[in-house]
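Colleague: Could you walk me through this model, one question at a time? I would like the cut-offs spelled out as we go.

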Amino acid sequence: IARYAALILAGSLLLRRLTEITETRRCASWSAARLSSVAPPNAEEQRVHLVCIVPVYHEQQIVADAVACWKSLVQAGGVDEVLFVTTAKEEDDGQRSTRALLAAALDQMASGEPRLRMAHCATVDRFRAAQLNLAVSEARGRFDSEPGSSRLWIGVYNADSRPQVSTFSELQQRARAQPDTRAYQQLADYVVPRREGVSWLAGGNSVLQTWWTRSHYWARNMRGSGSPHWWSATSPFSTFGHGEFIRLDLLDEIGGFPDFAYADGLLLGWICRLMDERIGLLASRDRAEVPRTARDLITQQRAWMRGLLNFGAAVRWARARSAVSLSGPEVALLRCQHLAIPLAWGLSTPTVVTGIGLAIERLRRGKGTLADAAILLGLASYPVIPALASSREGDATSLLVRPAAAAASWMVEGIAFWPALVSHLLKNQAAPAKTPR
């Protein structure tokens, strides 16, 4: 029975990977078609105002590079303002603070560029929503946007985000073509940091995160953007917390960026889904960094898993404000699907590793069969197929190292689920420690 169960597991996992390969190819075709229609900003066309917010916290290593990147982006057009927001919760550790380095970088590289600004959040809060909402207040005042305005869009990026220059032209076009869509998420390419101290695991993690975005996320977003139907309404996806855009009138309806639990990006997208608000998708990529080391990866994955387990908190928050537009069964189905994502993530690792171990043991004892060999091949190939099936432009990692790094990263991601689950059950909603860059 155990052998047949392992054989069925291996077959189903390979079928899943084949489906993912199909979705990544469909995503590539869709992206190419969409980007081919994106034109540079036209001064004569009516356009919306766009303010991009970059909250920063212990970003000493990359803040100068971020300023240089955003200077080139605003000069390319499409963005009215970029607001870097520092925070008082960054304690003095004897080094120059992010705030001081940011001010120096703006003075040195962007003194003649008024569209690059900085603000400081004096509120010490567990979550970064305080920084985001401060920036929204400042943007509203500068662009004379009254509550409920549909002319101002807010974009959110991390300090390591490097969005494609076509992003903002694409958003402008989508905002004109689909005025009823009030939230967007752009696709992401996750890249290895080009700094010292980067582990070989980072290459594998970048493969897996990008693969997930181009297969699972793209497919779920396409399903959710279909015709009004329970199947579309219950598609389990959200926003990332970077490369996301929300129109001011929608943000005002929900009372600003959510601050009632960890992971404001996930919470924002879930609230939109519960309100039956469509989350559009942009084909332009946000190039974002993966963690440098295995320890940093565990920290990040624990944070993500903890965030994924907060869907119930979003439901309670939305119901308390009568903001749920879905039916009771639809909410229940959406909740079950969201719960299944981290559970499958956490359970797949020990299950696959156990299956591989049993197959190896039977083969070692000379009791193995062709079915055992098929089980071993199927289960062992599951973590490395994304590395073998995807090509990464500019990736210098060797063909031998990438699959090994992907397999190791996959194991680390699965292991991170269990401490996140314990933390969730203990109702620990504190934001995790900063992942070093």
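**Salt bridges, helices and surface**

Modeller: Let's begin with a pair: Arg-47 forms a salt bridge with Asp-80, with 3.4 Å between the closest N and O atoms. A salt bridge here is a side-chain nitrogen of Lys or Arg within 4 Å of a carboxyl oxygen of Asp or Glu. This is a predicted model, in which local features need pLDDT of at least 70 and side-chain atom pairs count only at pLDDT 80 or more, while totals for chains, interfaces and linings use all residues. Residues are numbered from 1 along each chain as its sequence is written, and side-chain values use heavy atoms, with hydrogens and water left out.

Colleague: How many residues apart in sequence are the parts that Arg-47 and Asp-80 tie together?

Modeller: Helices (H or I, at least four residues) and strands (E, at least two) are DSSP runs, numbered from the N terminus. Arg-47 sits in the loop between helix H1 (2–36) and S1, and Asp-80 in the loop between H2 and strand S2 (81–87), so the parts that this pair ties together are 33 residues apart in sequence.

Colleague: Is Asp-80 buried or exposed?

Modeller: Buried means under 20% relative accessible area, exposed over 50%, and partly exposed in between (1.4 Å probe, protein chains only). Asp-80 has 17% relative accessibility, so the class for Asp-80 is buried.

Colleague: How many salt bridges does the structure hold?

Modeller: Some are joined up: Arg-182, Arg-247, Asp-249, Glu-253 and Glu-277 are linked in a network of salt bridges. Another pairs Arg-117 with Glu-81 at 3.7 Å, N to O. For the structure, the number of salt bridges is 22.

Colleague: How are H2 and H3 oriented to each other?

Modeller: Helix H2 (residues 63–76) and helix H3 (residues 98–109) pack with their axes 9 Å apart, at an angle of about 40 degrees. Axes are lines fitted to C-alpha atoms, for helices over the stretch in contact, and angles run from 0 to 180 degrees between N-to-C directions. Angles under 35 degrees count as roughly parallel, over 145 as roughly antiparallel, 65 to 115 as roughly perpendicular, and the rest as oblique. H2 and H3 are therefore oblique.

Colleague: Which helix gives the most to the nonpolar patch?

Modeller: The patch covers about 340 Å² and is made by Leu-339, Leu-343, Leu-347 and Trp-418. Patches join residues with over 30% relative accessible area and no salt bridge: like charges within 9 Å, nonpolar side chains (Val, Leu, Ile, Met, Phe, Trp, Tyr) within 5 Å. With 3 residues, the top contributor is helix H12.

Methods:
Areas by Shrake-Rupley, 256 points an atom, 1.4 Å probe, with all protein chains shown as cover.
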